[in-house]
2 protein chains.
Amino acid sequence: MAGTRELLMDEAERGVRSGGYNAVSFRDLADALGIKSASVHYHFRKKEDLGVALVDRYSKRFFEALDAQAEIARTPEDRIRAYCRTYRDALTSSDAICLCGMLGAETSGLPEAVSSAVREFFEENLAWLRGSLSAHMTDHDAHARSAHILATLQGAMMLSHNMDDLSVFDAAAAGVTSGF
Amino acid sequence: MAGTRELLMDEAERGVRSGGYNAVSFRDLADALGIKSASVHYHFRKKEDLGVALVDRYSKRFFEALDAQAEIARTPEDRIRAYCRTYRDALTSSDAICLCGMLGAETSGLPEAVSSAVREFFEENLAWLRGSLSAHMTDHDAHARSAHILATLQGAMMLSHNMDDLSVFDAAAAGVTSGF
DNA sequence: GTCTATAATTTGATAGAC
DNA sequence: GTCTATCAAATTATAGAC
């Protein structure tokens, strides 16, 4: 009773995170659910609508998971560790990179509404990181450190996935928790 | 007199680095050169062949540029700075992310030969970094630090490109040259 | 090396019945 | 909500003439 719309989004997210935006077709989604592609268009009039819905749902879930991980974290170091764990879980629980990491790479080839939603996700990430760091360093340093942490974890997911080696993620992530 | 094959690869590299593997079609490549798609198949029998050729050429050029940047660099710090500059130049000179960063993200949706070539590029990157660091730290640390640097720069390109803000790349990259 | 011609398949999308 | 039916366009790829 999960609802066709949610099931379609589950399938689409899997597809985008594996092969990218253009690797997902309405027909494939329909086949996976045993319905017809015309029915998919009932739930998402255009592919762009599906893309935006995917990013919104992913972002909402990501920050829920992050809040759960960071709930008892007080020090900046603990909060960054919680942030790294959230990314690691996203990688291992689905054996795929971040939805927004994929769409961020494909930015120039996407409908504007989709790449904008991705950008918002990254801006929220940076704001969360700055908020976790700002009390313990200058604004300038918190700004730079936030970009460094987000970039490293996004790159680590891509690298670890391509090389099929989780230790690459862990090695890269270890570098962002040092220096406090 | 650049040769049709090279011109096709120029156009294809531009397309893949912007929108991904599936955003490039033989017809678009042909149109860009004023020829027919059948002629593209003369130069690259299958799309997979084009993909592998692109990665090989990109890798060769990247390491040539890297060697030029690092020619006079002796200390690990200087060599890492040269490495960062090479990535930054790749980003700014084409206003697009790394070819292998894009294809690495799309790994699961690519012909195996293409994702393997991308993996080789990353392995060569890590070997170069380890070689630049190994004399000054343990093998374990050099291994981890190499993954950290490569992941950060790849993620920084993606992030900076999506957010259309080069300062994001610089802020992220600043984090890899500290701590020597 | 490039062309015409063509094939088989896939794509995003719509109209209208049930 | 899902279906049938359909569409125009795009895709990878091949055969064979020039």
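By class, how many nonpolar, polar and charged residues has the lining of the second largest cavity? There are six nonpolar, one polar and one charged; here Ala, Val, Leu, Ile, Met, Phe, Trp, Tyr, Cys and Pro count as nonpolar, Asp, Glu, Lys and Arg as charged, and the others, Gly among them, as polar.

This is a predicted model, where local features need pLDDT of at least 70 and side-chain atom pairs pLDDT 80 or more, while totals for chains, interfaces and linings use all residues. Residues are numbered from 1 along each chain as its sequence is written, chains are lettered from A in the order in which they are written, and side-chain values use heavy atoms, without hydrogens and water.

Select B:Val16, B:Tyr21, B:Val24, B:Lys47, B:Leu50, B:Gly51, B:Leu54 and B:Leu103 to show that lining. A cavity is a set of points on a 1 Å grid over the protein atoms alone where a 1.4 Å probe fits but cannot get out, and lining residues have an atom within 4 Å of a point. Its volume is about 50 Å³, meaning the space filled by probe spheres set on points joined across faces, edges and corners. Helix α4 (residues 47-70) of chain B gives the most to this lining, four residues; helices are DSSP runs (H or I, at least four residues) numbered from the N terminus.

Next, go to the largest cavity, with about 110 Å³ of space. Among the 15 lining residues, A:Gly101, A:Gln154, A:Met158, B:Gly101 and B:Met158 are the closest to its centre.

Methods:
1 Å grid on protein atoms, 1.4 Å probe; cavity = no way out; pocket = protein on both sides within 12 Å on 5 of 7 lines; lining within 4 Å. Helix = DSSP H or I, 4+ residues; strand = E, 2+ residues; numbered from the N terminus.
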